[in-house]
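Let's take a friendly walk through some helix packing and a ligand site. The structure comes first, and the commentary follows.

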Amino acid sequence: PRSTLFPYTTLFRSGFFSLYIGIDLGTANTLVNVHGKGIVINEPSWVVINKRSRETIAVGYSAKEMVGRTPANYVAIRPLRDGVISEFEITKSMLEYFIGKVHQQAIVPMPRPRVCIGIPSGATEVEKRAVYDAAMAAGAREAYLIEEPRAAAIGAGLPINEVKGTMIVDIGGGTTEVAVISMGEIVISRSLRIAGDELDEDILQYIRKKYNLLIGERMAEQIKVAIGSAYPLQNELTITARGRNLITGLPGSIEVSSVEIREAMNPSIQIIVDTIKDALDEVPPELVSDLLDSGVCLAGGGSQILGLVPRLKDELNLRVWMADDPMTCVARGAGLVLENLGRYKRFLVGLERSASKG
Ligand code: ADP
Ligand code: MG
């Protein structure tokens, strides 16, 4: 038997089958990167639970589908909405579901995975602990945490180990994270609770006030993704907004233009711009000269707003560029950290009195 078992066990022990999983536990979307496969899960960070029994009914896509349509005894929750892990049990069941899904996709039985999870740079000790515990409870063999801006920078391919300073701006659903990184250290950081969700809310309010039309959150997001912009467009666009007319109470629809939507979103966009300026203000002169070379790298779903790059170029007077595949940077970066633990270990977040080997 030894001869037949030998190759399998050797492969197993050599780590051939070991699972390195990088996770971006985002406020809007959770992504999972598996070593050797890339992004295998990309689903909304939504959970539907039974209010009374607290039982999990749906996670991810199927949960988001139910938003606004749930029966009275169900509630749809985004456990990380504000970038804070306020709902430990729900975060845990979400992680369990996603880690379980990776296992189901595997052809051969998989060992318990090693996971690295991106967390907001402003996370408190309690929140870090909650994510770590949730990952371990969800079946991880080892769990590591990394600050999202660092993971995003690694995923974007920025040379964060070098002396040269680089700036990364990650605009997600619930939070915008701004960080200047030099020699692997976060020198300056800002975390702002204004990002994609807030822009949706701006659009919803604008259409309600101007047209007495109440649209849903998902309609608002669709409008933003289709025609939302931060800078005048060469060809301005229009889209039909559908909702309920607040005067008649009946279904209604109107045409809105990208000019109107830009006006609606502008106050929030300006706050994001000013936060970046504010962070730049604090950058020491030597690093400013680095930034003149390296520019500002944009990541996260919200950074895909039309015209954001020219808007920031104008306002910041720096080179601004979009990371390749901006929505997957954090998950890919977290995965790269695990695959190169020797090189990146020092970037992991330590937990106070913790079992983390970081
Ligand atoms: P998080 O990391 O917080 O989970 P993501 O990086 O996944 O967030 O980004 C989600 C946000 O990006 C949402 O607000 C979504 O509406 C927005 N978004 C996604 N694609 C686009 C797009 N093409 N244009 C503008 N916003 C977008
Ligand atoms: Mg994110």
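A polar contact here is a pair of N or O atoms within 3.5 Å. Keep in mind that the model is predicted.

**Around the ligand**

With that cut-off in hand, we can look at ligand 1. A polar side-chain atom of E221 sits 2.6 Å from one of the oxygen atoms of ligand 1. The backbone takes part as well: a polar backbone atom of G301 lies 2.8 Å from an oxygen atom of ligand 1. On the nitrogen side, an N or O atom in the side chain of Q304 is 3.4 Å from a nitrogen atom of ligand 1.

**How the helices pack**

Two packed helices are described by the angle between their axes and the distance between the axes.

| Helix pair | Angle between axes | Distance between axes |
|---|---|---|
| α6 (residues 196-211) and α8 (residues 258-281) | roughly 130 degrees | within 9 Å |
| α6 and α7 (residues 217-227) | about 105 degrees | 8 Å |
| α5 (residues 148-155) and α11 (residues 329-339) | about 85 degrees | 7 Å |

Take α6 and α7, whose axes are 8 Å apart at about 105 degrees. That angle makes α6 roughly perpendicular to α7. On the α6 side the contact uses G196, L199, D200, I203, L204 and I207, while α7 supplies E217, A220, E221, I223 and K224. These residues divide into six nonpolar, one polar and four charged.

The contact is formed by E198, L199, D202, I203, Y206, K210 and Y211 from α6, together with E260, I261, E263, A264, M265, S268 and I269 from α8. By class, that gives eight nonpolar, one polar and five charged residues.

Finally, α5 and α11 pack at about 85 degrees, so they are roughly perpendicular to each other. Here E148, A151, A152, I154 and G155 of α5 touch C329, V330, R332, G333, A334, L336 and V337 of α11. This contact has eight nonpolar, two polar and two charged residues.

Note on methods. Residues numbered from 1 in each chain as written. Chains lettered and ligands numbered in written order. Predicted model: local features only at pLDDT ≥ 70, side-chain atom pairs only at ≥ 80, totals over all residues. Heavy atoms only, no water. Axes fitted to C-alpha atoms, helices over the stretch in contact; angles between N-to-C directions. Helix = DSSP H or I, 4+ residues; strand = E, 2+ residues; numbered from the N terminus. Contact = heavy atoms within 4.5 Å. Nonpolar A, V, L, I, M, F, W, Y, C, P; charged D, E, K, R; others polar. Polar contact = N/O pair within 3.5 Å; in protein donor to acceptor, adjacent residues only side chain to side chain. Parallel < 35°, antiparallel > 145°, perpendicular 65-115°, else oblique.
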